[in-house]
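Please read this report alongside the sequence and the three-dimensional view, which are shown just below.

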There are 2 protein chains.
Amino acid sequence: MDTVLLFDWILARLDRTSGEPVYRQLLSLMQQAVLTGQLAAGTKLPSSRTLATDLGIARNTVLHVYDQLSAEGYVISTTGSGTYVADTRPDAEALAPRPAACDPKAAADAPVSTFPRGGMSVRGQRLIDEAGVSAKQWGAFMPGVPDVAEFPARTWSRLQARLWKSANHDLLTYAPGGGYRPLRRALSDYLRVARSVRCTPDQIVITTGIHQSIDLTVRLLTDVGDRAWVEEPCYWGVRSVLQSSGLKLAPVPVDAEGLNPGERDLRNPPRLALVTPSHQYPLGMVMSLARRRTLLEYARQHKVWIIEDDYDSEFRYGSRPLASLQGLDDAGQVIYVGSLGKTLFPGLRIGYMVVPEHMVDAFRTGVAELYREGQLMQQAVLAEFIMDGHLTSHVRRMRALYGERRQLLIDAVTQHFGDALPVMGDEAGLHFVLGLPEGCDDRAVTAASYEAGVIVRPLASYYSGQPTRKGLLTGYACVPNEQIGPAFATLAKVIEEHAFGRAARGARSRRTA
Amino acid sequence: MDTVLLFDWILARLDRTSGEPVYRQLLSLMQQAVLTGQLAAGTKLPSSRTLATDLGIARNTVLHVYDQLSAEGYVISTTGSGTYVADTRPDAEALAPRPAACDPKAAADAPVSTFPRGGMSVRGQRLIDEAGVSAKQWGAFMPGVPDVAEFPARTWSRLQARLWKSANHDLLTYAPGGGYRPLRRALSDYLRVARSVRCTPDQIVITTGIHQSIDLTVRLLTDVGDRAWVEEPCYWGVRSVLQSSGLKLAPVPVDAEGLNPGERDLRNPPRLALVTPSHQYPLGMVMSLARRRTLLEYARQHKVWIIEDDYDSEFRYGSRPLASLQGLDDAGQVIYVGSLGKTLFPGLRIGYMVVPEHMVDAFRTGVAELYREGQLMQQAVLAEFIMDGHLTSHVRRMRALYGERRQLLIDAVTQHFGDALPVMGDEAGLHFVLGLPEGCDDRAVTAASYEAGVIVRPLASYYSGQPTRKGLLTGYACVPNEQIGPAFATLAKVIEEHAFGRAARGARSRRTA
């Protein structure tokens, strides 16, 4: 394309009525002309004055476009002799077809993946296929979600405004060293009293939540191909994090006393064991003291790391909160992880871990190196919130409220089903598992219930292998008291249809009528 | 220990003058007695009335302790017949020594790691050994850190207060779906105009920053053992994230035109290539248009994913910002990642990625599944901040300020060293590399300078292999104008000592005098 054609080509495309500035339009058109080869390498561009006159636009606009084209390497400007189209064609040599891996040393380096290149990876595809995360995160009976409407937002906002006003610039930078120190002190005090965790503020590392705490532990303490015990069933998020970091999962069954490894499990000590002793997730039993002591001793003998996930331990309605497993650990093998998402609000994304003293430096370096953490301002707000006593009083208030809702939901279950459907789980947490009859497909019930506007989760999706129980994770914490009955009536209809065929028969007879 | 001895043992240990409530002391003592076996399994505890009288404490306290011991499984209470110490000893059978992996199927499952069990893993140790993160994150001449004191904190705080007041509870829950939609819209508008990125709001996924964006990409698009091209030298954080996810790094040299793969590199297409085309990190050159087109075409032919890290592209002092590589990508192979940490403040932890349309669903699911993200309130504040025009005006203001500081620092360099020490890098970003003479150890200069109160970073630590250049990453953005001269004088003294031996000789002569 010579420069006369260039004028025509640009003129035909410039749209002065569109909202886009002429500068951007001209720049983009000229870039396109170079990239497609319409303006060949070496072509001399018209002077800015000529182009401006011919196109009827300001000369300054053309000058800016030429400058930008030059900065981006589309053209080369030589003082005195003018502006030329640069040779920006891809390097033919680099793109020459070459026999794959003809170099034997290079062949050894060839990627191990057998998945078609350029698409998802095997682990990526697996992650997506097995994803447990739900599109809706709120409403009856979403499990694991607290009632954020009850969060003392005004108090939080007041503390936040005060801290932003004080303009401590250190709180706006990165945060190496495991997090805001006053928050670590406040949390260690809280965990010592509330959870019998044995720790100093130095042992606390602030993270964005349980996912990150587990991820960090995995990357520091395990290698690709190592085996990890997980409870069967367990939280889907744990499986995803462990697998996508290259660990092999060894699901270990749970019974009424918690984790119950069989002979074959015991013969093959894992590198890591992930447990929820205070309140098994999702079934809700408590790990017995004998089992705790056995696990700790076994871990000591075989040098197994234990992650104790203490995810909603504050909410016990029958008795006081149970002591942590970490508090019984004399060998420094337990990594205790918790989060404030279920206590305050999920969007907060502040979690904590308590690491053994001899591992403190590694975890502090690791968290900064891998995640480049910050959010000190928010950590400072939380520290004030805890130190002013708001955490304790909020927990106390929510414990009463959630206990009430739990009871309302149980009453609704009993009213509809008598004792036909068992409520599994200790009197704790934000959900229980509503048992379904053996032949009933809990995934189908979940889907039908979602259609009807009620969220539950199928127990089946928490198993790595074949589910041994059928049930629905049913959350009561985020449902206002007056909605519990009506929402359960909707769910009950779906269950009846699937489990007992009652409404289904009814619907059939209505349709045929 | 019988119950009379129990009284004595407890009495000797109860400390009524300590701040700890008697309830907690008694509970802890009885737990200890059970755990150590001093109270043997099956022992009948004294009645609460007796124990209370003998210890001289309230009966209610003892009742609470017994309840808690029972809840935690230390004792078993039988109505009518009393309270007995439970058998909580570890399961002897589970702990029986067993021949390692006598089951052949189990042996195949044995962990692959050869690292001593129970300590750090190989990848964990490597992560810590090679960690690049610095303990100090602020001050002259910390590279890569903006001036947070200039951030319009009052504006931010005002927007934040308003949003918290409106109490939209949806903003307090988890955030599936890639982030707050108005923010994604605001960012896509911004990126289209400022960076010539081609995207719709749907293609934007909000993350906590570049680390998380890279981590997510790696887990979705690569498998353990796959090879990744990284620039040599490159940002340390990238190396750490990739390696700890099981990728093999293939460092590819850069020259004045950016990434410059050799014949051997080209013969072995990686699964992933990570580049910084707008402003190579840390050396600062711009990838030429020809190289960009070559890389895109090579990636298309060999199905290589490209991550474009556009980390501080807003700050160009000589010319307008350059267009992104993503804008040239017709094959949907570029994952564009950026962050607002360097533009606003590092502690914010909000980044974004632009993913090809056919990958949107996978990335949205992946980010929710792996990281359980939230922080919608903060995302909403940021969206308002951008939509009200504060981002653009802040960038404009900072560009002028940092440009000024860059010039002040260059003037200081010239004043001290003439042209003996080259300033490497395009006129952009928050730092430049100050070249050192070949024989000079940049790590030693860094350490000595740190001692003298000035932070720099050694270029050596950005190389995966043998460094081919010596230099110091020197940041000017977060240093008030008036401190630049004095701080550089300190640094210059250290450099003279190490590079030219001047001050060292001076010191020697003073000492011998």
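## Helix contacts, chain symmetry and backbone features

In chain B, the residues B:Gln212, B:Asp215, B:Leu216, B:Thr217, B:Arg219, B:Leu220 and B:Leu221 of α10(B) meet B:Ala362, B:Phe363, B:Gly366, B:Val367, B:Leu370 and B:Tyr371 of α14(B), where contact means heavy atoms within 4.5 Å. Sorted by class, this contact of α10(B) with α14(B) has eight nonpolar, three polar and two charged residues; Ala, Val, Leu, Ile, Met, Phe, Trp, Tyr, Cys and Pro count as nonpolar, Asp, Glu, Lys and Arg as charged, and the others, Gly among them, as polar.

This is a predicted model, in which local features need pLDDT of at least 70 and side-chain atom pairs count only at pLDDT 80 or more, while totals for chains, interfaces and linings use all residues. Residues are numbered from 1 along each chain as its sequence is written, chains are lettered from A and ligands numbered from 1 in the order in which they are written, and side-chain values use heavy atoms, with hydrogens and water left out.

The axes of helix α10 (residues 210-221) of chain B and helix α14 (residues 360-371) of chain B come within 10 Å and cross at roughly 110°. That makes α10(B) roughly perpendicular to α14(B), a label given to angles of 65 to 115 degrees, whereas angles under 35 degrees count as roughly parallel, over 145 as roughly antiparallel and the rest as oblique. Axes here are lines fitted to C-alpha atoms, for helices over the stretch in contact, and angles run from 0 to 180 degrees between N-to-C directions. Helices (H or I, at least four residues) and strands (E, at least two) are DSSP runs, numbered from the N terminus.

In chain A, helix α8 (residues 153-166) and helix α15 (residues 376-387) pack with their axes 9 Å apart, at an angle of about 125°. Their relation is therefore oblique. Among the residues making this contact are A:Trp156, A:Leu159 and A:Leu163 of α8(A), together with A:Val381, A:Leu382 and A:Phe385 of α15(A). By class, the contact of α8(A) with α15(A) has nine nonpolar, three polar and two charged residues.

How can chain B be laid on chain A? A turn of 180° with a shift of 0.0 Å along the axis does so with an RMSD of 0.1 Å, the copies being superposed by least squares on the C-alpha atoms of residues with pLDDT of at least 70 in both. The two copies are thus related as by a two-fold rotation axis. Of the residues of chain B, B:Ser245 comes closest to that axis, at 2.9 Å (C-alpha). The same surface serves both copies, since 100% of the contact residues of chain B recur in chain A.

| Peptide bond | Omega |
|---|---|
| A:Glu232 to A:Pro233 | about 0° |
| B:Tyr281 to B:Pro282 | near 5° |

A:Pro233 has its place in the loop between β4 (227-232) and α11 (236-244) of chain A, and B:Pro282 lies in the loop between β7 (272-275) and α13 (289-302) of chain B.

A:Arg372, although not a glycine, has a positive phi of about 50°. A:Arg372 is buried, with a relative accessible area of 9% (buried means under 20% relative accessible area, exposed over 50%, partly exposed in between, with a 1.4 Å probe and protein chains only). B:Lys303 likewise has a positive phi, near 50°, but counts as partly exposed at 45% relative accessibility.
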